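Hi there,

Here is the structure I promised to pass on to you.

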Amino acid sequence: MHYKVLSDRAGYFKKDKEGVDTMCKLMEDYADKRARQAAEAAAEKAARERSISIATNLWNKGERDLQQIADLTDLPLDEVKKLFEGKTA
C-alpha cells in the first residue's frame with residue numbers, strides 16, 4: 001500500500017485479534033440488518049399481494065363500490081381504480 005496509515009489500519013483489521021473480532025462483529029451486524037430488511041420487504045410484498053387478492057375476490061363477488069374495496073383492503077383508492085380499470089360493472 002502507498003499510505004502507511006491505511007496499511008497499518010488494514011493490518012489491524014486483518015491480523016490483530018481485537019481488529020479481527022471487531023470486523024467480524026461489524027459484518028455480523030450488517031448481515032443481521034440486511035436479513036431483517038429482506039424479511040420486512042417480503043412481508044410487505046406478501047401483505048400487498050393478499051390485499052390485491054381480497055380486492056379481486058370482492059369484485060368477483062359483485063362489490064362495485066371502489067371506495068369500499070379500498071377501505072376493506074387498505075389499498076389506496078387510486079390503486080383500486082387502476083386494478084379494475086376497464087372491467088365492466
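This is a predicted model: local features need pLDDT of at least 70, side-chain atom pairs count only at pLDDT 80 or more; totals for chains, interfaces and linings use all residues.

Helix packing

Two packed helices are described by the angle between their axes and the distance between the axes. Here the pair to look at is helix α2, which covers residues 17-60, and helix α3, which covers residues 66-73. The crossing of α2 past α3 is right-handed. On the α2 side, the contact is built from Ser51, Ile54, Ala55, Leu58 and Trp59, while α3 brings in Leu66, Ile69, Leu72 and Thr73. By type, these residues split into 7 nonpolar and 2 polar, with no charged residue taking part.

Is Thr73 buried or exposed? Thr73 has a relative accessible area of 4%, which is under the 20% cut-off, so it counts as buried.

In soluble globular proteins, nonpolar side chains tend to be buried together. In this model the largest nonpolar core has 7 residues: Ala55, Trp59, Ile69, Ala70, Leu75, Val80 and Phe84. Helices α2 and α3 each give at least two residues to this core.

Salt bridges

Side chains of opposite charge can pair when their charged atoms come close. The count for this model is 4 salt bridges, and here are some of them.

- Lys4 and Asp8 form a salt bridge with an N to O distance of 3.0 Å. They are 4 residues apart in helix α1, so about one helical turn separates them. Lys4 is exposed at 62% relative accessible area, whereas Asp8 is partly exposed at 41%.
- Lys25 pairs with Asp29, with the closest N and O atoms 2.8 Å apart. These two are 4 residues apart in helix α2, which means a separation of about one helical turn. Lys25 is partly exposed at 47% relative accessibility, and Asp29 is partly exposed at 36%.
- Glu79 and Arg48 meet at 2.6 Å, N to O. This pair links distant parts of the chain, 31 residues apart: Glu79 sits in helix α4 (residues 77-83) and Arg48 in helix α2. Glu79 is partly exposed at 22% relative accessibility, and so is Arg48, at 44%.

One tyrosine

Finally, where does Tyr12 sit? Tyr12 is found in helix α1, which spans residues 4-15. Not counting residues up to four places away in sequence, Tyr12 touches Glu18, Gly19, Val20 and Thr22. Tyr12 and Thr22 are 10 residues apart along the chain, and 9.9 Å lies between their C-alpha atoms. With a relative accessible area of 23%, Tyr12 is partly exposed.

Happy to talk any of this through.

Best wishes

Notes:
Residues are numbered from 1 along each chain as its sequence is written. Side-chain values use heavy atoms; hydrogens and water are left out. Buried means under 20% relative accessible area, exposed over 50%, partly exposed in between (1.4 Å probe, protein chains only). Contact means heavy atoms within 4.5 Å. Axes are lines fitted to C-alpha atoms, for helices over the stretch in contact, and angles run from 0 to 180 degrees between N-to-C directions. A crossing is left-handed if the near helix is turned anticlockwise from the far one by less than a right angle, and right-handed if clockwise. Ala, Val, Leu, Ile, Met, Phe, Trp, Tyr, Cys and Pro count as nonpolar, Asp, Glu, Lys and Arg as charged, and the others, Gly among them, as polar. A nonpolar core is a set of buried Ala, Val, Leu, Ile, Met, Phe, Trp, Tyr and Cys residues joined through side-chain atoms within 4.5 Å. A salt bridge is a side-chain nitrogen of Lys or Arg within 4 Å of a carboxyl oxygen of Asp or Glu.
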